[in-house]
Each structure stands twice: as structure tokens, then as C-alpha cells.
Amino acid sequence: MAPRLDHVGLDVSDYEASKAFYEQALAPLGMTLMMEPIEGVGGFGDDFPFFWIGQRERGSDSGTHVAFRTESRETVDAFHAAGLAAGGEDNGGPGLREIYHPHYYGAFVLDPDGNNVEAVCHTPV
């Protein structure tokens, strides 16, 4: 088996606020809250939980960047709109980022702890 990312987790300062943000912001990506194995910890995903948030006494890891790949530019747009509607802060609206490659279409939203969350589509229109 080739190495691959199994899951990623972010520390959050307010679990309930972050859970509400991610439930709304990740919905356009087809991701839902799949489990809360213990109080203050939740796993989001589609067929299995691979994106985790957890409230920790040490505080959040501000400055973390997570990018979710999508199959369409419309999904990137919907993610950005949902993230803003959920209370996220715009960190780069939907658009081409040709500095990466000619078809890189992404959008960025800061979550309640300042983590940079992105949706990206790599396919041409």
C-alpha cells in the first residue's frame, strides 16, 4: 500500500462553536459529523471520519492549513459561501491560483480559531 493521509485533527478553543462552523462549512463537500467518541471530540467525513476537531486545554493550533479536494469549481464556491455563512472569515475568495498550476481553483475561509480551511478543484472547466 502506498503511503496516504489517514486523518487529520485540529485543536479548537470552543468545541460547540467549531462543530457548528464545520457542520455548515463542510456540508457542500458532502461531509457530516459522523461520530463524537468522547465529549469535546468529533470526526467529520463521508464514508469514514477523517477530519477531526477536539477541544484541548492547551488551546488551538492557529495557523494550521487544511485543503479538501473537490471535483468541481461550483463545489468550491458553495464551500466558501457556506463557510462565510457559518461565521468564518474570508481568507481568499473562489478563483484561479495559477501560481500553483493553470487549473488550480480554490477558496479559503478562516475557522473560529483562525485555521485556514480550503476547498480546491484541480480540473479545468
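Predicted model: local features only at pLDDT ≥ 70, side-chain atom pairs only at ≥ 80, totals over all residues.
Let me begin with helix α1, residues 15-25, which lies across β1, β2, β3 and β4 and runs at about 150 degrees to β4; helices here are DSSP runs of H or I with at least four residues, strands are runs of E with at least two, and both are numbered from the N terminus. Angles run from 0 to 180 degrees between N-to-C directions, with axes fitted as lines to C-alpha atoms, for helices over the stretch in contact.

Residues are numbered from 1 along each chain as its sequence is written, and side-chain values use heavy atoms, with hydrogens and water left out.

Now to the sheet, which is open, has four strands in the order β1-β4-β3-β2, and shows mixed pairing, where two strands pair if DSSP finds at least two bridges between them. Its edge strands, each pairing on one side only, are β1 (8-12) and β2 (32-38), and from one strand to the next the twist averages 25 degrees. Strands β3 (residues 41-45) and β4 (residues 49-55) run antiparallel and are joined by five bridges, and V41 has G54 in β4 as its bridge partner.

Finally, consider D6, in the segment before β1. Leaving aside neighbours within four places in sequence, D6 is in contact (heavy atoms within 4.5 Å) with F48 and F50. The C-alpha atoms of D6 and F50 are separated by 6.5 Å, although the two residues are 44 residues apart along the chain.
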